[in-house]
Amino acid sequence: MADLKAVTDADFETEVLKAEKPVLVDFWAEWCGPCRQVAPILDEIAKEHSDKLTLVKMNVDENPVTPATYRVTGIPTLNVYVGGEVVKQIVGAKPKAALLRELADIIG
């Protein structure tokens with residue numbers, strides 16, 4: 001899986017909702033093929049845009065509360081949080097160029 005920091009139901013509020021800069025949360029699971037496909041792309045985006053965006057991952061099997069709260073029904077789902085609110089939701093594995101287009105208004 002990706003090199004991204006893992007967050008849990010317990011630390012989601014501190015790590016994501018109260019973060020200073022926008023946070024992209026990758027909701028994923030071990031058994032999810034498309035999740036494994038998108039993981040290296042998210043690692044690249046994290047390295048290239050760490051000054052503007054924090055990327056973290058949440059295993060939906062180990063942390064059922066947060067995904068249910070944010071109506072994550074399919075994975076991978078990428079939610080971007082700014083000031084504690086979801087400002088963007090991207091569902092499904094997408095190529096890097098498509099993800100960067102989706103995130104352009106956040107990372108410039």
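Predicted model: local features only at pLDDT ≥ 70, side-chain atom pairs only at ≥ 80, totals over all residues.
Y81, by contrast, is buried, with a relative accessible area of 1%. Ring pairs join F12, Y70 and Y81 into a cluster. The briefing below begins with these rings, then turns to a loop and to the whole chain.

**Aromatic rings**

- Three aromatic pairs are found when the whole structure is searched.
- One of them is formed by F12 and Y81, whose ring centres lie 5.4 Å apart with 80° between the planes, an edge-to-face arrangement.
- This pair links distant parts of the chain, since F12 belongs to helix α1 (residues 12-17) and Y81 to strand β4, 69 residues apart.
- Both F12 and Y81 are buried.
- The rings of Y70 and Y81 have centres 5.1 Å apart and planes at 85°; this pair is therefore edge-to-face, as the angle is over 60 degrees.

**The loop between α3 and β4**

- R71 lies in the loop between α3 and β4.
- The phi angle of R71 is positive, about 55°, although R71 is not a glycine.
- R71 counts as exposed because its relative accessibility of 70% is over the 50% limit.
- P76 is also placed in this loop, which runs between α3 (65-69) and β4 (77-82).
- The peptide bond that leads from I75 to P76 is cis, with omega near 0°.

**The chain as a whole**

- Four helices and five strands make up the secondary structure elements of the protein chain.
- Their order along the sequence is β-α-β-α-β-α-β-β-α.
- The radius of gyration is 12 Å, close to the 13 Å that the globule rule gives for 108 residues, so the chain is as compact as a globular protein of that length.
- The C-alpha trace spans about 30 × 30 × 20 Å along its principal axes.
- Of the 108 residues in the protein chain, 44% are buried.
- Among contacts with a separation of 6 or more, 71% are between residues 24 or more positions apart.

**Surface and charge**

- The protein chain exposes about 5,600 Å², of which carbon and sulfur atoms supply 52%.
- There are 12 positive and 17 negative side chains, and the centres of the two sets lie 5 Å apart.

Notes. Residues numbered from 1 in each chain as written. Heavy atoms only, no water. Helix = DSSP H or I, 4+ residues; strand = E, 2+ residues; numbered from the N terminus. Buried < 20%, exposed > 50% of the residue type's maximum accessible area, 1.4 Å probe, protein only. Rg over C-alpha atoms; globule rule 2.2 N^0.38 Å. Contact = heavy atoms within 4.5 Å. Areas by Shrake-Rupley, 256 points an atom, 1.4 Å probe, with all protein chains shown as cover. Lys, Arg positive; Asp, Glu negative; His and termini not counted. Charge placed at Lys NZ, Arg CZ, Asp CG, Glu CD. Phe/Tyr/Trp six-rings, centres within 6.5 Å; stacked < 30°, edge-to-face > 60°.
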